Amino acid sequence: MFRLGNITINSGCLLAPLAGISDLPFRMLNRSFGCEYAFIEMVSARALVFTNRNTLKMLDSNKEDRPLGLQLLGNDPEVMARAVDIVNSMPVDSIDLNAACPVSKVTGRGEGSAMLRDPLNIEAVLRVMVERSVVPVTVKIRTGWDSGSLNAVEVAKRAEQAGASAVFVHGRTRQQGYSGMVDYAAIEKIKKNVTIPVAGSGDVLSADLAKKMFDETGCDAVMIARGALGNPWIFRETDAYLTTGAVPAKPEKSDICLTMKRHLDMMCGYHGEEQAVKMFRKFFGWYSKGLPGSHALKSSAFKACKRDGMLMLIDELMGQK
Ligand SMILES: Cc1cc2nc3c(=O)[nH]c(=O)nc-3n(C[C@H](O)[C@H](O)[C@H](O)COP(=O)(O)O)c2cc1C
């Protein structure tokens with residue numbers, strides 16, 4: 001069980017922010033499989049303050065898309081304060097500070113994981129955000145910038161002092177990017193050094209890896225990220241495994257194909273056919289991974305431009321022996 005403000009997440013599983021992925025259809029699809037709390041992908045505080053149209057589109061939500069976290073990227077307390085003022089009028093349940101993004105374009109501006117190199121500024125930014133926000137403020141960090149500067153405990157303590165309501169920790173350094181071993185011991189150390197809830201992130205790719213994260217770190221919640229790509233079933237599988245010790249049967253190919261069609265239609269309804277089909281190409285690869293004939297069909301899916309064409313490929317996948 002995980003509490004964020006007055007919201008309880010019984011399963012202890014959150015859908016992590018995923019840039020370019022966690023749009024409204026993706027969040028709603030995962031919610032229909034048991035995801036209790038989802039995040040909008042990171043949004044630049046500066047772009048929000050200057051009302052960039054694409055940024056506002058990223059913030060689209062609906063009444064059923066709750067509880068919902070919004071993640072801000074930025075390192076300037078003044079800009080962050082203005083961004084929080086804007087977010088205060090939006091229907092979100094928490095605001096997260098991104099101090100985890102490893103992308104050079106972001107770190108080059110001193111934002112994302114580059115903030116780990118200046119814990120005092122993380123504290124200052126969080127203090128301002130907490131002061132202004134009408135909902136709980138959280139922070140997502142990594143274990144450090146690189147293996148020579150593992151300072152996540154200090155950063156987490158500063159976050160707690162600043163009034164943050166939870167810390168989300170991706171158990172890798174910025175240097176590791178998205179590969180290499182997850183440092184469970186580092187997350188455990190953070191958990192032992194702060195009293196606010198801690199959520200673990202990193203390789204939560206299946207129900208048993210979610211349990212491993214809980215067992216090895218003592219964390220209060222896990223964040224599911226790449227584990228949900230083409231696999232919304234991970235939410236109900238993890239919940240069942242954590243509560244009963246048994247993992248439900250894997251989805252049949254027919255379930256997978258039906259879900260693919262549902263997801264495609266949700267995306268078409270939201271983004272319009274042309275953009276949705278383009279965006280769905282990578283999902284075709286994720287959903288079909290390991291299924292007979294998926295390799296050849298994936299190449300065709302990457303060329304599909306129309307909903308009908310994509311649906312035909314899903315039917316072909318269904319028919320493969
Ligand atoms: C495509 C992609 C986009 C991501 N976007 C964000 C983001 O916007 N904000 C963030 O804090 N983390 C982001 N992450 C990091 C994930 O939330 C998560 O912490 C990381 O992938 C580790 O978990 P995993 O190994 O289970 O995937 C992203 C990861 C991926 C793969």
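The buried residues of helix α4 are covered by elements that include α2 (45-49), β6, β7 (94-99) and α6 (119-132), where covering rests on contact, that is, C-beta atoms placed from the backbone that lie within 7 Å of each other. Helices (H or I, at least four residues) and strands (E, at least two) are DSSP runs, numbered from the N terminus. The model is a predicted one, in which local features need pLDDT of at least 70 and side-chain atom pairs count only at pLDDT 80 or more, while totals for chains, interfaces and linings use all residues. Residues are numbered from 1 along each chain as its sequence is written.

Within α4 (residues 77-87), M80, A83, V84 and V87 are buried; a residue counts as buried if 20 or more other C-beta atoms, placed from the backbone, lie within 10 Å of its own, as exposed if 12 or fewer do, and as partly exposed in between. These residues lie on the same side of α4, because they cover an arc of only 100° around the axis, the arc being that of the directions from the helix axis to the C-beta atoms.

Helix α11 (residues 253-271) can be read in a similar manner. Its 19 residues should span 27 Å at 1.5 Å a residue, and the end C-alpha atoms are 26 Å apart, which agrees; the expected span is 1.5 Å times one less than the number of residues. Here I256, C257, T259, M260, H263, L264 and M267 are buried. Their arc around the axis is only 160°, which puts them on the same side of α11. They pack against α1 (24-32), α12 (273-288) and α14 (307-319), whereas the face turned away from this buried side carries the exposed residues S254, D255 and G269. Just after α11, G272 takes a positive phi of about 90°.

Helix α12 contains M279, which is partly exposed, with 19 other C-beta atoms within 10 Å. Not counting residues up to four places away in sequence, M279 touches M267 and H271. In helix α14, G319 is exposed, with 11 other C-beta atoms within 10 Å.

In soluble globular proteins, nonpolar side chains tend to be buried together.

Two backbone details deserve a look. Most residues other than glycine have a negative phi, and most peptide bonds are trans. D203, in the loop between β10 (198-201) and α9 (207-217), has a positive phi near 55°. With 22 C-beta neighbours inside 10 Å, D203 counts as buried. A cis peptide bond joins R66 and P67, with omega about -10°, and P67 lies in the loop between α3 (53-58) and β6 (68-73).

Methods. Contact = placed C-beta atoms within 7 Å.
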